[in-house]
Amino acid sequence: MKKQSTPWYAAALCLGWFVLGGFLAIGDAAAAESKSSTADHSKFTELQQDFKSGPEVTRACLKCHTEAAKQIQKTTHWTWEYRDPATGQLLGKKHLVNNFCTSVPTNEAFCNACHVGYGWKDDSFDFTKQENVDCLVCHDTTGIYKKPPGFAGNPITKDVEFPPGSGKILKAIDLKKVAQHVGKTSRDTCGACHFYGGGGDGVKHGDMDSSLSAPDKELDVHMDAVGNDFPCATCHMTTGHQVPGSRYAPTAKDVAGPRIRGKADTRNPTTCEACHGDRPHPVKTLQVGNHGEKLNEHARIIACQTCHIPEFARGGVPTKMSWDWSTAGKLTPDGKPYETKDAKGHPIYSSKKGDFVLGEDVKPEYIWFNGEVTYTLLTDKLKIKDGVIQINSYGGSPDDGKSMIWPVKVFRGKQPYDPVNQTLVMIHTAGDDNTAYWTNFNWKNAITTAMADVHAPFSGKYDFVKTEMYWPITHMVAPKGEALSCQQCHSADGRLKNIKGVYMPGRDANKLLNMAGWGIALLALIGVLIHGSLRIINSNKKG
């Protein structure tokens, strides 16, 4: 099924409302917040005004919350960069090339709808200006606050025709109403960006999508909307606006046991062990069928997520498993871009982006992981192994004492690179200028513009190469009754069939050894039968 597509800015608009406005209104959360909060923001004098811009709201917030903006400006949510202390690599959205949307530079006005600031459209953005911090994007409780792509992270503050000449009007947001109803962060405010990372609902992570806005227990036992109802901050325990749990520096193995209230503890609080400890299974020696001790032995080398997240993308939202940019650029006979959708209405081809493979209820892949992550940077000479470039590489082995067996989503792509310089490339995709790929469908022009913007060399030649990027799976924790069974791993074709360096009964069978064992068992059985027969014969003789 083909249908004519719209210009990039129309796609941006649709994506914006889908990404940032597609979650449920959270009036109930606002009501709960008003009952528990010690402050009613609707009564604050500073908020009794009709705000004309986001920065005006922030200036009002800072009258009371004097240190908030300074704290935000020290976070990766603000800088979009992170220096890995282990590798020394400078990471973050500002610098990395990925294999979904590829890169941010030259696309800031589009991508930065998910930045916690206002107005970052190019290199002129002032990261030191406190009023550029967006308080509302994380603290809105009304559900009406939106920042459409194409507006450099600014909300719509007066009615505007968009796209220009389309006759479609974007209505202004009532910033006064939003400012007067701020509260704690929620799954909806975090999810407005994180559920939609990579350009759409569920695209990137696999274990995070809009189904976690109000999940049931079967989807996630922690976030179950009528049960534990954890907001993100329950695990991502934030201090001074620093949100722990970065995927740039994950914790693969935590042996320190549960965190204790009141005790200073600077380790990552988002690990399973931080609550459940490293011996999470109850041991009941007198209970028939209790395998707690054996399961705790497994927990020494197997991450909790391996057994307790049997599949990801389980909430009815598919995740992208692969993205092939090399097929982008096909047009209709009259020269227009188009989309092809599957039977459920999900795009599987786009002239702007290429081919996609989607997946639901996906079984993870499994690897040894020790928390060390190394990225292929824009300046790195490519290491192509078996025709594939690793966008990131996870360290780990069965022998280093730091690794555990982890579930991962492996996102596979095919994207442009420079075959002369042997480097990855950035792409200018979004914009209404004549070099943006979504406008002109000219790879060379789009790459040249992006590489010049970051002052990186480009030979003028491009080709496409297969890539892989790893994402740890840690959300969508199933009820304990849905955890993997022994047989799902301990079999020749089980979940862990590709895990090396560990002996697994049921998987690692040796044919000769098995034959010898069964032979001995058979001989023993024959011996028992002979012995029993002789005793019977002898007893009959005595009788």
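1. Cysteine 138 has a relative accessible area of 28% and is therefore partly exposed (buried means under 20% relative accessible area, exposed over 50%, and partly exposed in between, with a 1.4 Å probe and protein chains only). The closest cysteine sulfur to that of cysteine 138 belongs to cysteine 190, 6.6 Å away, which is too far for a bond.

2. Cysteine 190 takes part in no disulfide either; its nearest cysteine sulfur, in cysteine 232, lies at 3.9 Å. The relative accessible area of cysteine 190 is 25%, so this residue is partly exposed.

3. The model is predicted: local features need pLDDT of at least 70, side-chain atom pairs count only at pLDDT 80 or more, and totals for chains, interfaces and linings use all residues. Residues are numbered from 1 along each chain as its sequence is written, and side-chain values use heavy atoms, with hydrogens and water left out.

4. Where a disulfide is taken as a pair of cysteine sulfur atoms within 2.5 Å, the count is one. The partners are cysteine 114 and cysteine 193, with sulfur atoms 2.5 Å apart. Cysteine 114 lies in the loop between α6 (108–111) and α7 (136–139) and cysteine 193 in helix α9 (residues 187–194), so the pair ties together parts 79 residues apart in sequence. Helices here are DSSP runs (H or I, at least four residues), numbered from the N terminus.

5. The torsion about the S-S bond of cysteine 114 and cysteine 193 is about -110°, so this disulfide is left-handed. Cysteine 114 is partly exposed at 27% relative accessibility, whereas cysteine 193 is buried at 15%.

How values were computed: Helices (H or I, at least four residues) and strands (E, at least two) are DSSP runs, numbered from the N terminus.
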